[in-house]
Amino acid sequence: MTRTDPEPRIPDPIELDAAEEARLRAAAGLVPARPESGGEYAGFDQVGIPDRPPQTDREREVYSLDEGEMLINMGPQHPSTHGVMRLVVKVRGEIIVDIDPVLGYLHRGIEKLCENATYTTVLTYVDPMDYLSTMHNEHAPAIAFEKLYGIKAPPRAEYIRALVVELNRVFSHGLMMGFLALDMGGLTPILYSFINRDEIVDMLSAISGQRMLFNFFRVGGVNWDTNDEFLSRLGTWRSRVLKNIEMNEDMITGNEIFRSRTIGMGTLTGDQAISLGVTGPNLRASGVPFDVRKAKPYSIYDELEFDVITHEGGDSYSRYLQRIAEIKQSIHLIDQIIDKMPHGPVQAQVPGIIRPRPGRAYGAVESPRGLYSVYAISDGGPTPYRFRMRDPSFISLQALPKLMPGRLVADTMAVMASLDPVMGGVDK
Amino acid sequence: MAFPGIGIARGLATTFRNFFAPKVTRQYPEQRPEIPDRWRGRLDLIYDPFGEHKCEVCFQCAQVCPVEAIDMSGFDSQGNRIRYGMPEIYDERKDPNAYRRAGLAARPMRNPARWDEEVDAPWVDETIDGFGGRPESLVAIFRATQGRYGYLPEQALRRISDRLSIHWAQVFGAAGLGGFRLLPADGHVVTVCDCTSCRFAGGPAVLAAIREELGIGPGEETPDGAFSLEVGTDVGAGTISPAIRIDTLVYGPVDADQARHIVSERRRSAVSAGSGS
Amino acid sequence: MDFELLLGIGRFLLATTLLLLLTVPTAFIIIQIELKVIASMNLRLGPNRIGPSGMFQSTIHGFKVLAKEDTVPDQADRGTFTLAPWMVYMAAAMSMLVIPFAPGAVAADFNIGIVYFFAVLGLSVVGLLVAGWASYNKYSLLGGLRSAAQMVSYEIPLTLSIVGAVVLAGTLNFSELIAWQRDHGWLLIWQPIGLGIFYIASLAEINRTPFDMIEADSELVAGPFTEYSGMRFGFFFFAEYVALFIMSGILVSLFFGGWLAPWPLPAQLDGFAGTLYGIFWFFLKTYFFIFVAVWLRATLPRVRVDQLMGVAWKVLLPLALVNLFITAIAVVVFDL
Amino acid sequence: MRNLWTDEDTVEFSIPGDRNVEVLGTLRDDPDLAFFMLADAAAVDYGVDAHFEVVYHLFSWKHPGWLRVRARVDRSEPRIRSITDMWEGAMFHEREMYDMMGIVFEGNRDLRRIYMSPDYRSFPLRKDFVLPDDAADSPAAGVNPLERPETWDLSHFREAVAVTFPPSDLRGDAPGEGVEGGDFADSESRPR
């Protein structure tokens, strides 16, 4: 019976001692939100300030209030925070002064879990990360592990991979259109988007056996070849999808209310976006033609014909238009992939338990939210020594505090929806 | 945008058109979705070519599941209904055999002195070494241990698990599947099923017959300590009603006469075995 | 004299009771319409299990609301918190008094019915503001303040938009206004700008999409109603739909000829038959405009709060004044 | 620059930890290199006896591959300079590295926990971190529950919840009274 001693506490390098705590508390002018004695609150505007000293300059800045300001807690249970995300919003009236995103409500420690899973099972753990782009979540580790193990997937497997990730991109971008409208109060577009999504996930479940967490990729290939059911559903969907997208476009694109709320709202310049690490459609909407599929072709993207789409505005409306353009581009890519798909096996010969040689590998894909990359280190054992995932929505979220000050509370949701974060990915 | 209001008008036209369009809602219980051939959303056990379940209800998967998502039930090799799950949720887990298989401290039911029986550790080690200390000889070791103790004491199993470096969940699983006795042999528990289907199928008559035969009521013990009577709801799983169980053996469907006969037979054999030893 | 007074009081009490009773089924019917129409426009089926094709869904919702626990937040101001739903509901119900359903079927045929209507409808802002303040919740507070700003702003263009009609018809009494429309044609033809302003402002006044700033659920959770539960929330909810009914009814009465049929009657109907005929046309038109409001809700996103105020002050108010100015000149010049 | 190494699409080299700002600044600002984009920043723990590494992945149009820069950090003194001045987007990367590995980034204005709660006092991705039980502060911390059957005993829990609350407490009039017996922290084992 192996028994381990209780976990030894690792001391925190910036842990504060009591005197320092008192000094900081006094410096920030903080009083406890709920005094120890007596049941009275300190005041209405004080609700929301944590009852502990600020740990950093930035935290002190956010949580110290000037005259006329108050903190609003948006989330973790709020109708439109796209999951369990919390935004501490400092407002003056309805004008936002500052925003502090507080993360971690969905943190599952997937990186640590993956360090304890074999290379094959890692691909099941990454699925629920960014739950709207599950195929991409599996693609990057598959690429990294294939590099580590030194094998290549067969060509047909690569084509099937490209096919399913583009399908995934179509419904993910389609949902973004719907959510953007929903966060502005439009009820209908999201349901039209879900019609499209349902058709795609039915199709993907025909090929992979699952509707949401597909678990379709394998190291050295994919789980299954295409079957008739998948292809017939693909044909049906292909004949309808443009009509569905057009239906949504009729609802949103020209709508004057929508345009007046998104044009010029949340403008990111290209330099700003690069500095903030924003990638994907959000970056391309700011005019930077960075697309991993072109910049660093992985899979079969160097064999396909497509151009990187950019928009110049950098505002919420450009980000929306960028998504629509990319949906159409993805449909175009799907057509090409179907045309060019070769015959052959879909899975390379790989042992049950993979033990790559010690080494490091980096696999990056263009997920619907941007650069999704995996850095895997092998020490020769059956499990990765270190498995790191860079999720694009996690990084893109940093743009929110830069974009929002001076805007209204109502714009928070509109700008956030245009950045399209998914909390499963943000919180790993 | 040429003229203000065009965009809104197009949106209104779209919704108005869709007001009359065919709807996409699936009326779930009436309209079943088309399940793809490769669907693996439903947990199902794998069958062998003869149509039998490949699962042998050894609980090893359930015990090693890190998030304790597996909750399973079935019949072990002795026809004993067993279930793995949170013991505080399922009353059925009161069966000590299942307790021990689940890796829990067995709940002493009868003869508590023998539950935590000290085993002769050097003897067990010797036995294990005698079989070469190899995991392949697990069944032989079990057989030898049962030969000495009449059943497999928990401590002996733990010893075997340690010495052979087999996860003890696997040791218990193997012991249960191999038909070994995990309970002390003396003192029989007669359980009469009291589930709904058994009650309808004549369970009360069976219970009355056994009461008459043994001369004790539910929850009581015969004066010589050889039998006790209990009422449970988990004996036959509703499929072999009415059912009775003696220790781990399930009989059913039985009528009152058969039940009386079974118990009296068992009593006679117990008495003769007791006199023989 | 005494007898007539008593008769008048009795008639008034009967009418108010009937109207109060009318509000509940009206709210249920409108909620049901909204559920089904929005569902259809979303390509869904909508509720279809309770009753034939789900027609009792909203009723069941109403009873569910009755059965819910009624909670008051710890720090809330109990007195005002309790009073607020009542104020909002009564404001809506009281303004029903002047709606002319049919010839003779008016609870109180004031001389100044139009003035009374706008005065009473404006009271609901007090209830919303009080609800937002008393809840001790920041979303409620923001929602309450938004409601105050929005409803007070929109009352001005709302009232000004019909002054043109009043000048034209020369009366403040709804029945006389409808009688004028019988003789001269519906005010829709005479006052198209006034109609547009009135429709937009009335949507804002009753918090319908695209002006549902007060309970903007993606921003302010539920605005002033965030902390309410049970029947108190039910009162707010009912008041909203009753207000939609009233606004549509007033719109019909002011601009679409009230109980008048779109064509002249072949033979003059009198008495009870005439009343029924009028009620039929009134409800038909009213529910058409309720359908339009629901249709808008299914289609449009919400405007932002500053755009909302901008529309009121920068567009609607000048337009309404221009409209009034043109109407007044026309009345003087053409001696209408 | 040490240990230059390449694979099919990545070039990597190691640098000492105290020169990361200098090296990354050159890589970004030199017009011939122009690694304008920080693709990823991650921390790696090479074990209790070894060191930490902060790994930067960079992208440039002028070079075909990704560039990996590995900066070595001492394990006993896990400090490295922050690169948030160069890329604002490194903020969340560094907060995550601090949260998960306990590496302190000097010059980062907002070095707080990002995933774990602010009062959490351990670093989950370090290799000497033992996977704890669900209830991290229970006596079973750090032990696989399956191998400790005694921790399955829930009788403590049952006693703990069998507390009758006085009616005043249910109304919320008197917070904090009459709940002494119901504090889970007092009981030895917490509900799993």
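Among contacts in chain C between residues at least 6 apart in sequence, what percentage join residues at least 24 apart? I looked this up first. The figure for chain C is 80%. I keep in mind that this is a predicted model.

**Chain C**

I went through the secondary structure next. Chain C has twelve helices and zero strands.

Then I checked the overall dimensions. The C-alpha trace of chain C spans about 60 × 50 × 45 Å along its principal axes. I also looked up the radius of gyration, which is 20 Å for chain C. A compact globule of 336 residues would come near 20 Å, so the two agree.

How much of chain C is buried? I noted 49% of its 336 residues.

**Chain A**

Of the 428 residues in chain A, 53% are buried. I looked up the contacts too. Taking those between residues at least 6 apart in sequence, 68% in chain A join residues at least 24 apart.

**Chain B, strand β3**

Here I picked one strand. Strand β3 of chain B covers residues 188-193. Is β3(B) mostly covered or mostly open? It is mostly covered, with five of its six residues buried.

I then asked which strand pairs with β3(B). The partner is β5 of chain B, residues 244-246. The two run antiparallel and share three bridges. I traced one position across the pair: Val192(B) stands opposite Ile244(B) in β5(B).

Technical notes:
Residues numbered from 1 in each chain as written. Chains lettered and ligands numbered in written order. Predicted model: local features only at pLDDT ≥ 70, side-chain atom pairs only at ≥ 80, totals over all residues. Buried ≥ 20, exposed ≤ 12 C-beta atoms within 10 Å, placed from the backbone. Contact = placed C-beta atoms within 7 Å. Helix = DSSP H or I, 4+ residues; strand = E, 2+ residues; numbered from the N terminus. Pairing = 2+ DSSP bridges. Rg over C-alpha atoms; globule rule 2.2 N^0.38 Å.
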